[in-house]
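User: Please take a close look at one part of this structure. Then tell me about its surroundings.

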Amino acid sequence: MPRINILNSSIYNRISAGEVVENPAAVVKELVENSIDAKATMISIEVKGGGIKEISVNDNGCGIEYDDLSVAFLPHSTSKISSVEDLDSIETLGFRGEALTSIAAVAMVTLRSKTKNSETGGLIEINGGKIEQHRPEASPDGTYITVRNLFYNTPARAKFLRSQKREETEIRNIISRIILANPTVSIKYNVDGKNVFYSTGKNLESAFAAVYGINELNKYYAVHSKRQGISVYGYISMPEENKPNKTYQTSIVNGRYVISPLISSAVQNAYGDTVMKRTFPAYVLFIDTDSRFIDVNVHPRKLDIKFSDSNNVFSVIMKAVSDALYGKIAFSNTDLNSERVDKTNESNTIVKSGVSGNSFNSLFSN
Ligand code: ADP
Ligand code: MG
């Protein structure tokens with residue numbers, strides 16, 4: 001029998017990197033989510049060569065202390081949780097402490113950062129997991145990270161990259177969801193020097209227009225309800241405007257964009273026979289609930305979610321959507337604080353919960 005080895009960190013970081021950062025879009029998702037967790041109000045994303053050549057994300061968030069720059073790239077390093085109990089009520093998008101480590105293991109990374117309280121900022125450069133530089137560097141408040149030559153040292157993974165155009169399409173898809181999930185954050189997305197999205201951070205309506213165009217707004221109804229401690233709000237397409245696939249379905253649970261078959265089928269059920277076969281409602285739905293009743297620690301990519309009481313969640317969402325279809329409040333006429341909403345939906349109450357900046361109040365009050 002061959003003897004058993006314990007792998008050293010440079011090997012296992014590269015192995016586990018495959019789960020967290022499967023492709024350029026996953027890198028973009030992790031970086032932008034870090035900016036949001038850092039409470040940035042402005043985020044600018046730029047990609048070149050489908051994100052394979054270069055991805056950079058610039059934010060005006062809290063920044064990283066000079067001495068922490070190298071710590072942030074160590075495996076399992078996070079400022080977001082510290083005890084096992086914290087896992088039961090996660091309020092941030094990140095918590096696993098593995099994104100920066102994984103990205104730096106399979107690319108060339110330069111990160112500049114400055115916190116408000118420090119005089120100068122710092123710079124760290126890590127290529128394939130190896131620190132090349134760590135020095136003071138004058139920088140504005142916030143964090144600016146550049147990731148170059150993704151998978152340059154993992155040819156097995158690089159082989160699975162698709163064309164630059166397809167990788168960029170997937171980045172665009174994920175950024176559009178992040179814009180919708182964070183309507184009060186200003187987000188700019190440039191591809192090879194050209195602007196693709198610019199969301200001003202005003203409200204959900206403007207975020208929606210930034211992603212889908214201003215004319216789409218007229219094809220949606222508003223959803224607005226709270227039952228059994230679960231708020232459901234956002235927009236659903238008018239039945240005649242349904243789509244041939246699920247690309248236009250965006251579910252946001254406690255501020256986190258997730259892919260949830262449960263939410264999708266609850267919405268579909270609410271439409272019942274009003275939709276043609278093989279068409280799917282389009283929606284942007286925010287579900288806010290107590291973070292103790294959900295589990296986001298299902299997969300390293302954090303796109304899956306489990307609800308502890310899934311039957312109840314299903315029926316609350318279905319009811320909220322059928323109320324909206326019945327009440328027919330057009331998106332374009334929405335004033336969700338108006339009496340009209342109160343009449344169509346007895347149970348609505350405005351609540352504030354979930355990841356900061358995504359609450360109902362802040363979405364619509366601007
Ligand atoms: P996680 O997000 O799960 O904590 P990451 O590897 O993504 O793990 O990041 C490690 C740590 O680096 C974070 O916990 C945070 O303290 C810091 N960090 C990363 N990106 C940023 C950023 N843009 N602004 C401020 N801090 C950041
Ligand atoms: Mg993170």
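Analyst: Start with serine 237, which lies in strand E10, residues 230-237. Strands here are DSSP runs of at least two residues, and helices (H or I) have at least four, both numbered from the N terminus. The model is predicted: local features need pLDDT of at least 70, side-chain atom pairs count only at pLDDT 80 or more, and totals for chains, interfaces and linings use all residues. Residues are numbered from 1 along each chain as its sequence is written, and side-chain values use heavy atoms, with hydrogens and water left out.

Is serine 237 buried or exposed? Serine 237 counts as buried because its relative accessibility is 1%. Buried means under 20% relative accessible area, exposed over 50%, and partly exposed in between (1.4 Å probe, protein chains only).

What touches serine 237? Set aside neighbours within four places in sequence. Serine 237 is then in contact with Lys219, Tyr220, Asn242, Tyr271, Pro281, Ala282 and Leu325. Contact means heavy atoms within 4.5 Å.

Now widen the view to the cores. The largest nonpolar core has 62 residues. A nonpolar core is a set of buried Ala, Val, Leu, Ile, Met, Phe, Trp, Tyr and Cys residues joined through side-chain atoms within 4.5 Å. Another core lies apart from it, with 30 residues, among them Ile230, Tyr283, Val313 and Ala324.

Return to the largest core. Ile43 is one of the residues with the most contacts inside it. Beyond four places in sequence, isoleucine 43 is in contact with residues including Val32, Val57 and Ile187.

Terms used. Chains lettered and ligands numbered in written order.
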